[in-house]
Amino acid sequence: MRALLPVLLALIFVPALASPVFAQVSVAEIRAQIFLERSGKLSDNLIGANKALHNTVIGEGDAGEPADAVLVTLVFTGAKNTKSSDKIARDLASITVKQRAKTGEKTLLRRVYGGFLFGESGRIHKAFLLDNATCAPLDIEVKVGRSAKSAKLDFSCGE
């Protein structure tokens, strides 16, 4: 009987260990900050801030100093202390950034994130930098499963 106990326990617990429980992921927030070239600092979050973003590349508008790079930070949420799948489509975050210029729309970035490791807060951050991106409007779109968020930055250049 004692010899059967380890076998019975293995039959009960091994299937539970073999099928991992994945966190369901959602998009919580999109943030965007410009990199201020003289001070080396990042601006406040520009999403929803109603800032003047005209001629940012030469420091005009609300930038205060030249800036042509944009740091975009994405915030995702999931169950605490879990991992999301990097193979299941509903758990993969799809990011697209498009820029609307006079010559037409172009895609600046297309990226997919997966395999999020959520800690105690149930939140995780992913970031990317867009160079030479402050002279035409940017459209940022993030989707994961049924969750989606988008943001627009109305950059412009000219006289």
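Strands S1 (residues 26-36) and S3 (residues 69-77) run antiparallel and are joined by 9 bridges. Helices (H or I, at least four residues) and strands (E, at least two) are DSSP runs, numbered from the N terminus. Two strands count as paired if DSSP finds at least two bridges between them. The model is predicted, so local features need pLDDT of at least 70 and side-chain atom pairs count only at pLDDT 80 or more, while totals for chains, interfaces and linings use all residues. Residues are numbered from 1 along each chain as its sequence is written, and side-chain values use heavy atoms, with hydrogens and water left out.

S1 also pairs with strand S2 (residues 41-42). The two run antiparallel and are joined by 2 bridges. Here phenylalanine 35 is bridged to leucine 42 of S2. The S1-S2 hairpin has 4 residues between its strands, and its glycine 40 takes a positive phi near 75°. These pairings belong to an open sheet of 4 strands, in the order S2-S1-S3-S6, with antiparallel pairing. S2 and S6 are the edge strands, each pairing on one side only. In general, strands of a sheet pair through backbone hydrogen bonds, either parallel or antiparallel.

Confidence was examined next. The predictor's confidence in each residue, pLDDT, runs from 0 to 100. Its mean over the chain is 88, and 86% of the residues reach 70 or more. Among the elements of the chain, S3 has the highest mean pLDDT (98). Helix H1 (residues 4-18) has the lowest, at 48. Over residues 13-19, pLDDT stays under 50. For that stretch the model has 1 contact beyond four places in sequence, a contact being heavy atoms within 4.5 Å.

The structure holds 8 salt bridges. A salt bridge is a side-chain nitrogen of Lys or Arg within 4 Å of a carboxyl oxygen of Asp or Glu. Aspartate 86 forms a salt bridge with lysine 87, with the closest N and O atoms 3.4 Å apart. Aspartate 86 is partly exposed, with a relative accessible area of 42%. Lysine 87 is exposed, at 69%.

Arginine 100 and aspartate 139 meet through their side chains in a salt bridge of 2.8 Å, N to O. Arginine 100 lies in strand S4 and aspartate 139 in strand S7 (residues 138-144), so the pair ties together parts that are 39 residues apart in sequence. Arginine 100 counts as partly exposed because its relative accessibility is 33%. Aspartate 139 counts as buried, at 14%.

Salt bridges that share partners also join Glu29, Arg31 and Arg123 into one network. In the bridge between glutamate 29 and arginine 31, the closest N and O atoms are 3.4 Å apart. Glutamate 29 is partly exposed, with a relative accessible area of 27%. Arginine 31 is partly exposed at 25%.

Two loop residues were also examined. Aspartate 91 is found in the loop between S3 and strand S4 (93-101). At 0% relative accessibility, this aspartate 91 counts as buried. Its side chain makes a polar contact of 3.0 Å with the side chain of arginine 90. A polar contact is a pair of N or O atoms within 3.5 Å; within protein, one must be able to donate a hydrogen and the other to accept it, and residues adjacent in sequence count only if both atoms are side-chain atoms. A polar atom of the aspartate 91 side chain also lies 3.4 Å from the backbone nitrogen of serine 85.

Leucine 117 lies in the loop between strand S5 (104-113) and strand S6 (123-130). Leucine 117 counts as exposed, since its relative accessibility is 57%. Neighbours within four places in sequence aside, leucine 117 is in contact with Thr82, Lys83 and Ile124. Leucine 117 and lysine 80 are 37 residues apart in sequence, with a C-alpha to C-alpha distance of 9.1 Å.

Conventions
Buried means under 20% relative accessible area, exposed over 50%, partly exposed in between (1.4 Å probe, protein chains only).
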